[in-house]
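Welcome to my notebook, where I jot down what I look up as I get to know a new structure. Let me put the model up so that we can read it together.

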Amino acid sequence: MYKTITHVAAYGALIILPTFVLAHEETEHGKTAESPRCEAMSAMDHSKMKKGDPVMQAMMKKCMKTHANQPKKEMEASHQQSANHKKEDSHNH
Amino acid sequence: MKRVLFAVIFSFGFGGVGYVVLGLYPIGADVPHTTLTYGLLEFVRERSISRASQDIEVPNLESPDWLLRGGADYNDMCASCHLKPGKVESDLSVGLYPKPPNLSVIHTGHTYDAPSVEGQARRQFWIIKHGVKASGMPAWGPTHSDERIWAMVAFLQRLPELDSEQYQILTARGEGQHEHH
């Protein structure tokens, strides 16, 4: 009996502990991620920024990724919307 | 003379032990250490970190990818205690003792010799990886790779120059920022 309880506790710990480790994974943080407010970049004083500066490069990289992903997202959203409309229409007929 | 000296040492030792055993030392985080205790602990900490981190090799930290990776981690794991541009305090930064340093501003008043940029990077890497006993600073080494910790160090190097808008862009995890290099 004692052996069974020990085994159950050990297996339980093996299942639960990795979930704590996962909380430190970058992919886990990403699920609740906020988006960069890239529109603020246009208001920044570009004369003070150096092109080769890693901070500047990092911001450009981040915002380019965001812009690149936006049309895809918009398209997906519009596809979803039209699909929903079609479903509604077929239900109505 | 010898007897007097012995009596003084004995009473100090006995008094010290009694002070600890009777639980008279105020251990609450809302009562600061005496200047002597604080100074001694700070000296021990700085000497220990300096010795332990002296042989760490610093990689090239001037990489935009590292800034993005380290920035996102800093925002999730460190900013609640060590603050961010535009924020001067948080519940944790006020309640913790010793008070966590505000890493979003440049520290000019170093108690001990200010290390070089490389020395500073070595020190930060060691502290993030190993933590500091009884200070609230955890060791991130057991759960984070060295590369990920260096990325945080890279971000820390540039943090004091960032304004709140730059900080937001660099630290936001949104939009496909999970491409590892």
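**Entry 1: one residue to begin with.** I started with L83(B), which is buried because 21 other C-beta atoms lie within 10 Å. The cut-offs I use are these: a residue is buried if 20 or more other C-beta atoms lie within 10 Å of its own, exposed if 12 or fewer, and partly exposed in between, with C-beta atoms placed from the backbone. L83(B) sits in the loop between α4 (79–82) and α5 of chain B. I also looked up its backbone: phi of L83(B) is near 65°, a positive value in a residue other than glycine. I keep a reminder beside that note: most residues other than glycine have a negative phi, and most peptide bonds are trans.

**Entry 2: ground rules.** This is a predicted model, in which local features need pLDDT of at least 70 and side-chain atom pairs count only at pLDDT 80 or more, while totals for chains, interfaces and linings use all residues. Residues are numbered from 1 along each chain as its sequence is written, and chains are lettered from A and ligands numbered from 1 in the order in which they are written.

Entry 3: A134(B) is not a glycine either, yet it has a positive phi of about 50°. I found A134(B) in the loop between α6 and α7 of chain B. Is A134(B) buried or exposed? A134(B) is exposed, as 9 other C-beta atoms lie within 10 Å. I then looked at Y97(B) and P98(B), which are joined by a cis peptide bond with omega of about 5°. P98(B) belongs to the loop between α5 (91–95) and α6 of chain B.

**Entry 4: the two chains.** I listed helices and strands as DSSP runs (helices are H or I, at least four residues; strands are E, at least two), numbered from the N terminus. Chain A has four helices and zero strands, and 9% of its 93 residues are buried. In chain B I found eight helices and zero strands. Of the 181 residues in chain B, 25% are buried.

**Entry 5: contacts.** I count two residues as in contact if their C-beta atoms, placed from the backbone, lie within 7 Å. In chain B, among contacts between residues at least 6 apart in sequence, 68% join residues at least 24 apart.

Where the chains meet, 25 residues of chain A and 21 residues of chain B take part. On the chain A side, α2 (26–30), α3 (39–43) and α4 (54–92) each give two or more residues. The largest share, eleven residues, comes from α4(A).

**Entry 6: helix α7 of chain B.** What span should the 13 residues of α7(B) (residues 146–158) have? At 1.5 Å a residue they should span 18 Å, and the end C-alpha atoms are 19 Å apart, which agrees. The expected span is 1.5 Å times one less than the number of residues. Among the buried residues of α7(B) are I149(B), W150(B), M152(B) and F155(B).

**Entry 7: helices that cross.** The axes of α3(B) (residues 64–77) and α7(B) come within 7 Å and cross at roughly 90°. That makes the two helices roughly perpendicular. Residues in this contact include W66(B) and Y74(B) of α3(B), and W150(B) and F155(B) of α7(B).

Angles under 35 degrees count as roughly parallel, over 145 as roughly antiparallel, 65 to 115 as roughly perpendicular and the rest as oblique.

The axes of α2(B) (residues 35–53) and α6(B) (residues 117–130) come within 9 Å and cross at roughly 100°. These helices are therefore roughly perpendicular too. Their contact is made by I49(B), A52(B) and S53(B) of α2(B) with R122(B), R123(B), W126(B) and I127(B) of α6(B).

**Entry 8: a last look.** Q120(B) lies in helix α6 of chain B and counts as partly exposed, with 16 C-beta neighbours inside 10 Å. Q120(B) and S50(B) are 70 residues apart in sequence, and their C-alpha atoms are 9.8 Å apart in space.

Key
Axes fitted to C-alpha atoms, helices over the stretch in contact; angles between N-to-C directions.
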